[in-house]
Amino acid sequence: MSIQIGSSIPLMVEKKLTEMVKPSKHIPQQTLSLSSLDNDPYNEVIYKACYVFKAKNIVDDDDNRPDFLLREALSDLLVYYYPLSGSLKRQESDRKLQLSCGHDGGGVPFTVATANVELSSLKNQENIDSDTALMFLPELHVDTDGYRPFALQVTKFECGGFILGMAMSHAMCDGYGEGHIMCALTELVGGEKKPMVTPVWERERLVGKPEDDQPPFVPGDDTAASPYLPTDDWVTEKINVRADSIRRLKEATLKEYDFSNETITTFEVIGAYLWKSRVKALNLDRDGVTVLGLSVGIRNVVDPPLPDGYYGNAYIDMYVPLTAREVEEFTISDIVKLIKEAKRKGHDKDYLQEELANTEKIIKMNLKIKGKKDGLFCLTDWRNIGIFGSMDFGWNEPVNIVPVVPSETARTVNMFMRPSRLEPDMVGGVHIVVTLPRIAMVKFKEEMKALQ
């Protein structure tokens with residue numbers, strides 16, 4: 001596969017070798033069950049990310065080859081995170097996922113690839129587009145007959161820099177867990193004997209018990225319609241929101257409403273602004289309903305709290321429904337109040353149990369979102385992925401982390417990303433990754449430009 005990068009020669013990536021890396025110690029055969037949140041059909045998707053590392057001045061031998069070092073460390077990592085070497089399959093009987101470990105020796109697909117250019121030849125290291133990123137990512141797909149939940153690819157550039165590509169089933173972990181796994185991998189590369197945080201399975205702690213006959217809640221059914229949907233002409237953009245813009249928006253919001261001792265967060269004010277901008281850009285039916293979804297962490301809601309090493313899904317989705325007219329007419333502070341209310345509700349222990357029970361019903365009944373999803377809008381925060389420790393194992397910290405989500409997911413999700421280390425003028429700011437119909441993106445970018 002090749003992609004033209006500017007006026008230079010086309011970028012070509014050659015995948016030279018893929019092998020199954022097995023745990024460095026024997027793993028007994030066992031079958032593991034997952035939590036209700038892991039089993040949620042909406043979580044059975046493959047999320048991917050590129051970690052970009054610049055070159056260093058070294059002798060090119062086995063002790064200094066990133067592919068060799070990462071392969072050896074991966075084998076040791078699988079002793080501690082052995083479920084990653086198993087095989088996932090959804091059972092027909094109860095529609096639950098089961099993870100088979102050690103039955104075939106286990107293993108994680110590990111690909112070594114080479115690029116024909118220097119890393120600096122990419123048009124923009126700090127803003128690699130999704131099509132280019134796919135070249136640096138391992139292939140991993142959900143398969144009804146069973147599939148590996150984790151895969152890695154190391155792509156080496158002529159300059160000595162490299163990109164570590166990761167693919168992971170969301171059923172195995174959330175962003176918090178993925179961050180711990182990748183940091184643990186690099187700790188082992190760097191010479192640690194074991195991960196600093198001991199991984200914990202304990203998925204049974206988040207299993208719901210449906211006890212009533214109430215129909216389950218399924219978000220997003222028949223939301224407000226957009227004249228631009230359906231379409232095959234989608235476009236993805238990364239939009240910079242600088243620290244001074246965030247500060248001004250927070251100040252303006254606090255003038256609208258006194259939140260007393262409550263802190264208003266970047267996620268809340270930018271999320272509210274994004275919702276208003278998206279509704280305008282899609283020209284949603286003003287009397288139709290649009291739904292804002294946001295992820296709320298529940299690690300400390302569980303009693304006792306989940307341990308640091310728990311790497312399964314530990315968040316629930318909360319939803320704020322309004323008509324498109326209300327979203328347009330409400331102030332930023334009005335919407336921030338609703339987001340805060342949703343977060344507070346998500347932190348309630350009784351509500352968590354209700355949500356786990358609701359998820360169990362959705363799984364059992366095999367329910368899916370029906371009708372239009374034009375007005376469904378979800379926010380997810382990837383700013384904390386990979387910062388639970390150092391990822392410097394000799395090549396300094398990654399200069400960038402580039403997420404790639406399934407196209408169907410990307411169309412309803414806006415991602416908050418930490419700016420690249422190559423952009424010093426973006427310190428304190430955020431990258432927003434947005435996918436919209438091309439015609440709507442023009443209006444959306446106008447709305448975002450007004451924020452500057």
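## About the model

Residues are numbered from 1 along each chain as its sequence is written, and side-chain values use heavy atoms, with hydrogens and water left out. Because the model is predicted, local features need pLDDT of at least 70 and side-chain atom pairs count only at pLDDT 80 or more, while totals for chains, interfaces and linings use all residues.

Returning to L164, and not counting residues up to four places away in sequence, its contacts (heavy atoms within 4.5 Å) include A49, F53, L70, L152, M182 and L185.

## Salt bridges

Side chains of opposite charge can pair when their charged atoms come close. Counting a salt bridge as a side-chain nitrogen of Lys or Arg within 4 Å of a carboxyl oxygen of Asp or Glu, the model has 25 salt bridges. One of them joins E44 and R90 at 3.0 Å, N to O; E44 lies in the loop between helix 1 (36–39) and strand 4 (46–53) and R90 in strand 5 (residues 87–90), so this pair ties together parts that are 46 residues apart in sequence. E44 is buried at 16% relative accessible area, and R90 is also buried, at 17%.

E268 meets K340 in a salt bridge of 3.0 Å, N to O, which links helix 6 (residues 266–282) with helix 8 (residues 332–346) across 72 residues. E268 also meets K343, at 2.7 Å, N to O, and this pair, again between helix 6 and helix 8, ties together parts that are 75 residues apart. E268 is buried at 1% and K340 is buried at 7%, whereas K343 is partly exposed at 23%. Elsewhere, E19, R71 and E72 are linked in a network of salt bridges.

## A buried arginine without a salt bridge

R299 lies in the loop between strand 11 (289–297) and strand 12 (315–323). R299 is buried yet has no salt bridge, and the nearest side chain of opposite charge, D174, is 4.8 Å away. The side chain of R299 does reach the backbone oxygen of Y310, at 2.8 Å. Leaving aside neighbours within four places in sequence, the residues in contact with R299 include Y176, P305, D308 and A314.

## Cysteines and A410

A disulfide is a covalent bond between the sulfur atoms of two cysteines. With the rule that the two sulfur atoms lie within 2.5 Å, the count is 0 disulfides. For both C101 and C183 the closest cysteine sulfur is in C173, at 14 Å from C101 and 13 Å from C183, in each case too far for a bond. C101 is buried at 0% relative accessible area, and C183 is buried at 2%.

A410 lies in helix 10 (residues 407–410) and is buried at 11%. Apart from neighbours within four places in sequence, A410 is in contact with V405 and T435.

Note on methods:
Buried < 20%, exposed > 50% of the residue type's maximum accessible area, 1.4 Å probe, protein only. Helix = DSSP H or I, 4+ residues; strand = E, 2+ residues; numbered from the N terminus. Lys, Arg positive; Asp, Glu negative; His and termini not counted. Polar contact = N/O pair within 3.5 Å; in protein donor to acceptor, adjacent residues only side chain to side chain.
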